Amino acid sequence: MENLVFLEKISIDPPREKICQRLGYKKSTTELSIKQKKATDHFINEASDLISLQGMFLRLAITQNDSDRVLLSNNLTFASRKLAAFLRDCREAVLMGATAGNAIMAAIQEKTHLDELSAAVIYDATASEMVDAGLDWIMSYLNRQLRRENKALLPRRFSAGYADFQLENQKDIYEKLQMEKFGVLINPSFILLPEKSVTAIGGIY
Amino acid sequence: MTESAKIKNLLKKQIVILDGAMGTELQKKGMSGGACPELWCLENPQHIKELYEAYQNAGSRIVYTCTFGANRFKLKQYQASQDVYKVNFELAELARKTVGKNILVAGDIGPTGLFVEPFGPLAFEEAVDAFKEQARGLIDGGCDLIVIETMIDIQEARAALLAVKELADIFTVVSMTYEKDGHTLGGTSPQSAVITLQSLGADAVGCNCSAGPEQMIDMVSAMKPYATVPLLAKPNAGMPLLKDGKTVFEMNAKNFAAFSVKLAAAGANFLGGCCGTTPEHIRALKKSVERKKPVLPRIPSICALSSARDFLEIRENEPLYLIGERINPTGKKALQQELMDGKLSIIRQMAQEQKAQGASLLDVNIGQPGIDEVQTIKKVIGLLSTAVSLPLVIDSSRVETIEAALRLYPGRMMINSISGEKEKLVKLLPLAAKYGAMFILLPLTGGNLPRTAKKRQAIIESIFRKAQKFGFTKDDFVVDGLTMAIASDAGAARETLATIHWCKQVFRCKSVLGLSNVSFGLPGRPWMNAAFLAMAQYCGLTLAIANPASAEFMNIKKAGDALTAREKASFLFINHFSQQTAPALATADAAVKPEEKIAAAIMEGDGERITTWIDEAMRSGLSASRLVDDFMIPAIVRVGDLYDKKIYFLPQLMAAADVMKKALAYLDPHLKKTTTTNKGKVILATVRGDIHDIGKNIVALLLKNYGYCVIDLGKDVSDEVIIDTAQKENPDVIGLSALMTTTMVNMKDIIHLARAKGIKTDFLVGGAVVTDAYAKSIGASFARDGVQAVKVVENLMKKK
């Protein structure tokens, strides 16, 4: 159960609708010329070519849930009422992580340096949405396996930094997931580097 | 008659009924959720026997062994990895002994749970080895056929199929699992999967699990036009639902059977059930389709290639297909050096550029002295399998390089090329047959170049006869017409064109040409090549190997496609050229004043000709400061308003800002001579510990465009640097950004430190987690986005 699974290449298409929504696109309001639409698509394609989506996950048994803290196997304790409530009906948790890689961050910096912020913001949004979609992909993948065990993942996931689940917890998740294997680092403020890297906790019941 | 032939015969006569779910049925019989089904069945054989009998009585003609997870990786989780052969053998034997002679036993192979090279950590050969270990037990245990099922990774499916085919000549079905979007989790479409797997030797291809039977109709319908083999469908009993902490499937047997009729009509030749189905579902299914005639494969062969994510069917009378030729180190020093250094970034770039420029396939040649070609091609195949969705053409003179590429590539490749040379035929035809590759037939033999079309035709026919012995059809290759230089033989082009014409009209196969050789040694080569291309298109050329970056080539190709009626109503031609001329048309309106064009360019975020219009406007007598104050600033303010109203979204705001900045930079020398609009000084920084600075960069650009002097200190800036700069520069406003809760608190420290040092400057804060309330609590103003930040700064300046 406690096998850390690395996913070296997650192949997904960029979620265009979500990327545009992230950039403020409103279907019924925003007016976009054909040329602007093409330019947006072009930058999304460029960004997605620069993104090397990788991920990992680790299933851990929930050994105790005290409603204000959750104890997992592997000596992991998370103090958070909201997380405890989220995992209330679960016997297992899954830690998961994903990263978009360094190349896209270098490209965003380069575009910013060249004062091409219109490209930089689309690159940035594409990377954010793709890394999030990477976690969706991991959840779908895991759900397929769980179905054979007559189990399922909770449809949502929980990340450090939300509600009372302090960002500091990201360090424990980072270490358990061995994210350094894919070149991801964590700084003293518990921020992952490259910037477009994420972690989350899911519940299995 | 072999067992395989019997199954094929059976499929011609009827829809073959499979069994239903195993896991959910065993759980009903007492198997716990965490148990290993394989070991549990060996310990409790009476339960699986009962299940087989139930499915047999319900009408299943084929039952699966309970070996879905009986591979070394899955069994390792139950400390049984050393028993792979034994477990598979015993469970196959148990099934064989339980069911009657008329019931076929399918050895069930499921996924390992690991992604296979190049998509994951499991080496391809290790995967093949693991599946061989499992398949050996199943075959020795008496299975009549093998079913590789529930695959989400096309490469793992390939590994399993190759493993079985390298062990025995046994009927093998491969079944993939698709998501709601119609692709596997690995991104493979049903069409790509069927092209890849049938060419690699699958006797039937299909889908199981996935969604319910309703969604599976679409998947079977998508596969059928491309399938040369029978199709399988084994859907769940509807979509899985979560109820009281358990996954349940609610579709009853009657409804399930009703969908099964539609699946049979769509072309499914094997029908059964997956998760949640029971013997009742299978009984109803059998009853509903037993009198239906099977829909046999509609085509005996297909001229198509595939990658892990896409496919290309090469058809007659379609626009000329382009094979991008750039991935070839000949004459390319930078690429040569990269290959020597073991790097691949240029190859990635070339692949993506050629795709964007209109290539349908990519030729891959890494032939270069001083490198290990086999290791290099494996790396290149790994890269291109994920970096680009176009199918590949492997181009090498070395057999081992071609074999390494064919074995690893997660799709159906084309070999460039197989000639009539005996050594090539003997080695490459069996390889192409084993891996199901297409090939370019090169009409060369005996070390001689056949000068005339007639001689080439004879060689083509001879190679085809030899290829037929390996099962190839005319859909499995394209003929190279052999382009030779007219500088050395005036009739060379005529003979090549005659060969292309013969391929199209007489031999009825598809053709390909590399074009540029025709003009070797002559001036005006692009024009000669272009004329040759147009003539070849008229003669019926199907594919060309060329550089898609060549404007001459692409323009002539589009024109040729239209003139030979390979596209309807010249739509592609019109679209191609209207894109090229649109900017010229858009700017043709001389009636619009240049200053109005400048404002419009900012509004539209189109800075291509802004400097020309600035020059025109200044020549007409407008000063730089008037241009800025009366036209540019109002335009950018209007853009900000449109952004506020959500009529513009962020890229439009930024594109306008980029154009504004470009225009201001161009006007800068003139502005200094007149009146420089410097509205104030702003220091910006993303605080200590935080690296998320895109928002801060947006604010910087917008403030600059509004005439502010911005000192951007960057990201992860220490408190001391911010304070020191403030003391030195005496700004009007200090802007701080932070994205995370852990770094947001640093804003408070900076403001405290500033006040302690006697700095009275206004602070503006922003970032994803920052709120108006938090800003007030630390004595700062707040802005939710870049446009609001400008407004807040303007208000702060007014109060001064």
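Two packed helices are described by the angle between their axes and the distance between the axes, where the axes are lines fitted to C-alpha atoms over the stretch in contact and the angle runs from 0 to 180 degrees between N-to-C directions. In the predicted model considered here, helix α18 of chain B, residues 453-468, packs against helix α19 of chain B, residues 492-507, at an angle of about 45 degrees, the two axes lying 9 Å apart. The crossing of α18(B) with α19(B) is right-handed. On the side of α18(B), the contact is formed by A453(B), R456(B), Q457(B) and I460(B), and on the side of α19(B) by E495(B), A498(B), T499(B), W502(B) and F507(B). Classified by residue type, this contact of α18(B) with α19(B) comprises five nonpolar, two polar and two charged residues.

Chain B is divided into four parts, namely domain 1 (3-289), domain 2 (304-575), domain 3 (594-673) and domain 4 (680-798). The C-alpha centres of domain 3 and domain 4 of chain B are separated by 26 Å, and the contact between these domains draws nine residues from domain 3 of chain B and seven residues from domain 4 of chain B. Within the domain 3 side of this contact, α25 (624-644) and α26 of chain B each contribute at least two residues, with the largest share, five residues, coming from α26(B). Six nonpolar residues, one polar residue and two charged residues make up the side of domain 3 of chain B that touches domain 4 of chain B.

The contact between the two chains involves 50 residues from chain B and 48 residues from chain A. On the side of chain B that touches chain A, at least two residues each are supplied by α2 (23-28), β8 (240-243), β9 (246-249), α26 (650-673), α27 (694-705) and α29 (741-756) of chain B. The greatest contribution to that side is made by α26(B), with eight residues. By class, the side of chain B that touches chain A consists of 22 nonpolar, 21 polar and seven charged residues.

Chain A contains six helices and eight strands, which follow one another from the N terminus in the order β-α-α-β-β-β-α-β-α-α-α-β-β-β. The C-alpha trace of chain A spans about 55 × 35 × 30 Å along its principal axes. The radius of gyration of chain A, 18 Å, agrees with the value near 17 Å that a compact globule of 205 residues would have.

Key:
Residues numbered from 1 in each chain as written. Chains lettered and ligands numbered in written order. Predicted model: local features only at pLDDT ≥ 70, side-chain atom pairs only at ≥ 80, totals over all residues. Helix = DSSP H or I, 4+ residues; strand = E, 2+ residues; numbered from the N terminus. Nonpolar A, V, L, I, M, F, W, Y, C, P; charged D, E, K, R; others polar. Left-handed = near helix turned anticlockwise from the far one by under 90°. Domains from an automatic or database assignment. Rg over C-alpha atoms; globule rule 2.2 N^0.38 Å.
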